[in-house]
Amino acid sequence: MRWKREAPNKGAKNQDGNKDGNPPQKESTTLDSYDCYSILGVTYNADKDEIKRAYRMLALQYHPDRNKSEEAIAIFRVVQMAYDTLTDEGKRRRYDSTIPALGSTKQSVIKVELDGAFTEGYASDDRVAISIAGMDEAIVIENSISVPSVWIHSAEFHKQYSLFTDIAFERLFKALYEIMNPREDLDDVEVVGVPKLRAHFDARFWNRGQTNVSMYCYSSMSFTIINGLPYIYLHGARYHNAQHEITTEFYTKMKEAISNIIRAELVGTVEPPAEVLEPVTIFQPVKQVSELRLPPREICLMFTTLCRTKSAQAARHALKGIWRPVNEDNISA
């Protein structure tokens with residue numbers, strides 16, 4: 001005889017005290033089901049202002065008043081829950097107590113902020129800022145006029161490494177990978193295309209929501225927060241994968257690796273590929289900084305003034321008559 005479940009009587013209660021015989025419904029937004037720090041893209045030591053800023057960036061894209069899709073409404077519900085938890089001192093303290101990983105890392109001074117517009121076609125606000133709390137220095141990865149750039153900021157200097165090509169991305173990828181796994185051979189790693197930097201909110205992630213900022217050029221590097229701690233993930237085509245928590249020690253090594261790339265370019269030991277060199281103009285491309293022979297400041301001001309008031313041709317003609325950069329062969333007729 002085939003078993004058949006009988007419909008419960010309307011208004012009746014089951015063993016759990018629920019009407020209509022329905023099983024008890026679990027609360028969908030319990031603290032143990034979500035990673036609040038990962039959702040907002042902030043580390044566990046973020047202050048209220050940083051949490052509010054991260055919340056607003058996500059709200060601009062997913063608030064029901066701006067986005068009526070069912071997915072956006074569901075995402076915003078999770079974002080709101082994370083914000084309410086982390087901005088209430090009592091709730092935040094109870095939530096932190098459920099994360100074992102935070103028990104031994106309360107002295108960490110690394111902060112990571114993940115910002116983004118989370119909108120296709122608008123990536124100017126997408127950035128990663130890695131800093132040491134209480135110190136005037138940071139590593140910032142952002143879009144500078146749509147070109148991904150890595151900045152090293154400190155009280156003494158500001159250094160920039162722009163990733164115009166896949167070759168520039170490959171140098172950075174290999175330098176960071178070597179910190180994590182110096183023994184792995186990356187000769188077959190594939191890097192193709194033009195580097196792009198984008199912020200994402202992954203609603204399908206295992207912790208039901210994750211903010212991350214990724215830079216990709218077929219291979220990719222991603223920055224995210226797991227249980228309040230910052231992580232970097234490197235995914236190299238041809239099965240080269242590595243991940244590492246961004247600790248103070250790793251931050252120092254990362255800063256040194258990027259500085260070495262910038263220094264190598266300045267002294268000419270890293271040459272750009274021939275196909276990306278600009279065609280020869282009145283300024284002959286050089287490999288060493290010491291070979292640069294720029295016009296005096298007065299001539300540069302005269303050149304820009306003529307370009308504004310007359311024409312580029314007139315400015316070029318005047319410059320040709322009063323200054324010889326290297327030899328006359330470098331100046332087009």
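Colleague: What share of the residues of the protein chain counts as buried?

Modeller: Of the 333 residues, 41% count as buried. Keep in mind that this is a predicted model. Burial is judged by relative accessible area, and the cut-off is under 20%.

Colleague: How many helices and strands does the chain have?

Modeller: The protein chain has eight helices and ten strands. Contacts link parts of the sequence. Take the contacts with a separation of 6 or more: residues 24 or more positions apart account for 52% of them.

Colleague: Let us turn to helix packing. At what angle do helix 2 and helix 3 pack?

Modeller: Helix 2 covers residues 48–62. Its axis and that of helix 3 are 10 Å apart, at an angle of about 170 degrees. Angles over 145 count as roughly antiparallel, so helix 2 is roughly antiparallel to helix 3.

Colleague: Which residues of helix 2 and helix 3 meet?

Modeller: From helix 2 come Lys48, Ile51, Lys52, Tyr55, Leu58, Ala59 and Tyr62. They meet Ala72, Ile75, Phe76, Val79, Gln80, Tyr83, Leu86 and Thr87 of helix 3. By class, this contact of helix 2 with helix 3 has eleven nonpolar, two polar and two charged residues.

Colleague: And the aromatic rings? Which residues form one aromatic cluster?

Modeller: Look at ring centres; two rings pair if the centres lie within 6.5 Å. By this rule there are seven aromatic pairs. Tyr55, Phe76 and Tyr83 form one cluster.

Colleague: How do the axes of helix 3 and helix 4 cross?

Modeller: Helix 3 spans residues 70–87 and helix 4 spans residues 89–96. Their axes come within 5 Å and cross at roughly 100 degrees. An angle from 65 to 115 counts as roughly perpendicular, and helix 3 and helix 4 are therefore roughly perpendicular to each other. Helix 3 brings Asp84, Thr85, Leu86 and Thr87 to the contact. Helix 4 brings Glu89, Lys91, Arg92 and Tyr95. The residues of this contact of helix 3 with helix 4 divide into two nonpolar, two polar and four charged.

Colleague: Now single residues. Where does Cys36 lie, and is Cys36 buried or exposed?

Modeller: Cys36 lies in helix 1, residues 36–40. Cys36 is buried, because its relative accessible area is 0%. Leaving out residues up to four places away in sequence, Cys36 touches Met81, Ala82, Thr85, Leu86 and Tyr95. Cys36 and Asp96 are 60 residues apart in sequence, but 9.9 Å apart in space, C-alpha to C-alpha.

Colleague: How many disulfides does a search of the whole structure find?

Modeller: The test is a pair of cysteine sulfur atoms within 2.5 Å. The search finds zero disulfides. Another cysteine, Cys217, is buried, with a relative accessible area of 1%.

Colleague: Pick a charged residue. Is Glu50 buried or exposed?

Modeller: Glu50 lies in helix 2. Its relative accessible area is 16%, so Glu50 is buried. Apart from neighbours within four places in sequence, Glu50 is in contact with Val42, Asn45, Lys111 and Glu113.

Colleague: And a loop residue? Where does Asp125 lie?

Modeller: Asp125 sits in the loop between strand 1 (110–115) and strand 2 (127–132). Asp125 has a relative accessible area of 34%, so it is partly exposed. Asp125 and Asn143 are 18 residues apart in sequence and 7.4 Å apart in space, C-alpha to C-alpha.

Colleague: What about Asn227? Where is Asn227 found?

Modeller: Asn227 is found in the loop between strand 8 and strand 9 (229–236). Asn227 is not a glycine, yet its phi is positive, about 50 degrees. Its relative accessibility is 26%, so Asn227 counts as partly exposed.

Conventions:
Residues are numbered from 1 along each chain as its sequence is written. This is a predicted model: local features need pLDDT of at least 70, side-chain atom pairs count only at pLDDT 80 or more; totals for chains, interfaces and linings use all residues. Side-chain values use heavy atoms; hydrogens and water are left out. Buried means under 20% relative accessible area, exposed over 50%, partly exposed in between (1.4 Å probe, protein chains only). Rings of Phe, Tyr and Trp (its six-membered ring) pair if their centres lie within 6.5 Å; planes under 30 degrees apart count as stacked, over 60 as edge-to-face and the rest as tilted. Axes are lines fitted to C-alpha atoms, for helices over the stretch in contact, and angles run from 0 to 180 degrees between N-to-C directions. Helices (H or I, at least four residues) and strands (E, at least two) are DSSP runs, numbered from the N terminus. Angles under 35 degrees count as roughly parallel, over 145 as roughly antiparallel, 65 to 115 as roughly perpendicular and the rest as oblique. Contact means heavy atoms within 4.5 Å. Ala, Val, Leu, Ile, Met, Phe, Trp, Tyr, Cys and Pro count as nonpolar, Asp, Glu, Lys and Arg as charged, and the others, Gly among them, as polar.
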